[in-house]
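Hi,

Here is the structure I promised to pass on.

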Amino acid sequence: MQRIHYYYIALAGFFGLFLLLMAWHTVLSPSTRFPTALILIASVGPLLLPFRGLLHRNLKSCTWMSYLSLPYFAHGIAESYVSQSQRPYALLEVLFSLMLCFGAGLYVYKAEKA
């Protein structure tokens, strides 16, 4: 595959993860114990830190985005194990975090090979 395809996979993973987390914590299954704003800041906030660099195809930001997707992968695995009702959302989180991780990582890897 060409390098740009990995970038598009990373973007699809990012936007999928972003939209899933926004919908999950506001519309699909809002928390009754914590304020929604606090949950969104804690879950979506870290994704926004290297976002500008990802859009500008900065290799360092793509590397950080790849690292940043791993806690979302771990959260999705743990949530799918713990809660039967949240399992579809958690497995989607796993899928999107893997798309982001491998897409961004392979984009950087192919850039260093060229």
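**How the helices pack**

The axes of helix 1 and helix 4 come within 12 Å and cross at roughly 45°. That angle is why the two count as oblique to each other, and the crossing of helix 1 and helix 4 is left-handed. On the helix 1 side the meeting residues are F14, L17, L21 and W24, and on the helix 4 side they are M65, Y72, H75 and E79. Sorted by class, this contact of helix 1 with helix 4 has six nonpolar residues, one polar and one charged. Before you read on, please keep in mind that this is a predicted model.

Next, helix 1 against helix 2. Helix 1 covers residues 3-28 and helix 2 covers residues 36-48; their axes come within 10 Å and cross at roughly 175°. With the cut-off for roughly antiparallel at over 145 degrees, helix 1 is therefore roughly antiparallel to helix 2. If you want to find the contact on screen, select F14, L17, F18, L21, M22, H25 and T26 in helix 1, then T36, I39, L40, S43, V44, L47 and L48 in helix 2. Ten of the residues in this contact of helix 1 with helix 2 are nonpolar and four are polar, with no charged ones.

Helix 5 (residues 87-113) is another partner of helix 1: the two axes come within 7 Å and cross at roughly 155°. So helix 1 and helix 5 are roughly antiparallel to each other as well. Helix 1 passes helix 5 in a left-handed crossing. The contact of helix 1 with helix 5 is made up of 21 nonpolar, four polar and three charged residues.

**What the record says about the segments**

The unreviewed UniProt entry carries the annotation "transmembrane region" for residues 7-28, 34-52 and 89-109. How does the model look over the stretch 7-28? The chain there is 100% helix and 0% strand, with the end C-alpha atoms 29 Å apart. Over residues 34-52 the chain is 79% helix and 0% strand, and the end C-alpha atoms are 29 Å apart.

L54 lies in helix 3. Is L54 buried or exposed? Its relative accessible area is 0%, so L54 is buried. Setting aside neighbours within four places in sequence, L54 is in contact with Y7, L11, F14, S61, C62 and M65. For one of these, L11, the separation from L54 is 43 residues in sequence and 8.1 Å in space, C-alpha to C-alpha. Two others on that list of L54 contacts, F14 and M65, also turn up where helix 1 meets helix 4.

F73 sits in helix 4. With 30% relative accessibility, F73 counts as partly exposed. Which residues does F73 touch, leaving aside its neighbours within four places in sequence? The answer is V94, S97 and L98. F73 and A90 are 17 residues apart in sequence, and their C-alpha atoms are 8.9 Å apart in space.

Going to V94 takes you to helix 5. V94 has 10% relative accessibility and so counts as buried. Not counting residues up to four places away in sequence, V94 touches F73, G76 and I77. V94 and H25 are 69 residues apart along the chain, and 16 Å separates their C-alpha atoms.

Where is R57? You will find R57 in the loop between helix 3 (51-55) and helix 4 (59-82). R57 has a positive phi of about 60° although it is not a glycine. Most residues other than glycine have a negative phi, which is why I picked this one out. As for accessibility, R57 is partly exposed, with a relative accessible area of 38%.

Cheers

Conventions. Residues numbered from 1 in each chain as written. Predicted model: local features only at pLDDT ≥ 70, side-chain atom pairs only at ≥ 80, totals over all residues. Heavy atoms only, no water. Helix = DSSP H or I, 4+ residues; strand = E, 2+ residues; numbered from the N terminus. Buried < 20%, exposed > 50% of the residue type's maximum accessible area, 1.4 Å probe, protein only. UniProt positions renumbered as here; feature names shortened; annotations may be inferred. Axes fitted to C-alpha atoms, helices over the stretch in contact; angles between N-to-C directions. Parallel < 35°, antiparallel > 145°, perpendicular 65-115°, else oblique. Contact = heavy atoms within 4.5 Å. Nonpolar A, V, L, I, M, F, W, Y, C, P; charged D, E, K, R; others polar. Left-handed = near helix turned anticlockwise from the far one by under 90°.
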